[in-house]
Amino acid sequence: MQDFYEVLTPPTIAQKLLYIEAHMERAAARVCPLPVMHDDMEHPVPPQPYHLNFLSASNFWKVGCWPERVAQRCNPAVVEWLCRKHHPDDGREGDGGTGIVVCDWVGAGGDWDLVRCIVGWNSCLMAREMGL
């Protein structure tokens, strides 16, 4: 679990992003077969670890670190990172999963890119698992 939630000053948000990216790398490095795709009762899929990654953080004493301000920096940065650096077909081990991503202020101002990006990764993984 990554939950660096206490950002003391706005520059600390950059540190939060490094923790987020590192945890997504750990999630991507795992190979986690989807149990619903493998219903072989004689050879069940073993339980897989959860990778829980919190994008949320705050410091209510600093306006620049309120939850919506942290999300204004974290959410687009995570979308960019997922699109440019988090790719399961680049020769690295693992299936490229993102783990569970917990976010604040998703869809603010009509910007649903983060949700679309994560759902897109899930679709890609499901299609690969199904052999499509």
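**View 1. Overview of the predicted protein chain.** Of the 132 residues in the protein chain, 32% count as buried, meaning under 20% relative accessible area, with exposed being over 50% and partly exposed in between (1.4 Å probe, protein chains only). This is a predicted model, in which local features need pLDDT of at least 70 and side-chain atom pairs count only at pLDDT 80 or more, while totals for chains, interfaces and linings use all residues. Residues are numbered from 1 along each chain as its sequence is written, and side-chain values use heavy atoms, with hydrogens and water left out. Three helices and two strands make up the elements of the chain, arranged along the sequence as α-β-α-β-α; helices (H or I, at least four residues) and strands (E, at least two) are DSSP runs, numbered from the N terminus. Among contacts between residues at least 6 apart in sequence, 72% join residues at least 24 apart, where contact means heavy atoms within 4.5 Å.

**View 2. Confidence along the chain.** The average pLDDT (the predictor's confidence in each residue, from 0 to 100) is 85 for the protein chain, and 88% of the residues score at least 70. Look to strand β1 (residues 52-54) for the highest confidence, at a mean of 95, and to helix α3 (residues 113-129) for the lowest, at 82.

**View 3. The largest nonpolar core.** Here are 19 residues, with Ile 20, Met 24, Val 78 and Leu 82 having the most contacts inside the core. Such a core is a set of buried Ala, Val, Leu, Ile, Met, Phe, Trp, Tyr and Cys residues joined through side-chain atoms within 4.5 Å. The elements α1 (12-28), α2 (67-85) and α3 each give two or more residues to it, and α2 supplies the largest share, six residues. Leaving aside residues up to four places away in sequence, Leu 82 touches Met 24, Thr 98, Cys 117, Ile 118 and Trp 121.

**View 4. Where α1 meets α2.** These two helices pack at an angle of about 35 degrees, with their axes 10 Å apart; axes are lines fitted to C-alpha atoms over the stretch in contact, and angles run from 0 to 180 degrees between N-to-C directions. The contact includes Ile 20 and Met 24 of α1, and Val 78 and Leu 82 of α2.

**View 5. Trp 105 in its loop.** Trp 105 sits in the loop between β2 (100-102) and α3. Although not a glycine, Trp 105 has a positive phi of about 55 degrees. Why does Trp 105 count as partly exposed? Because its relative accessibility is 47%.
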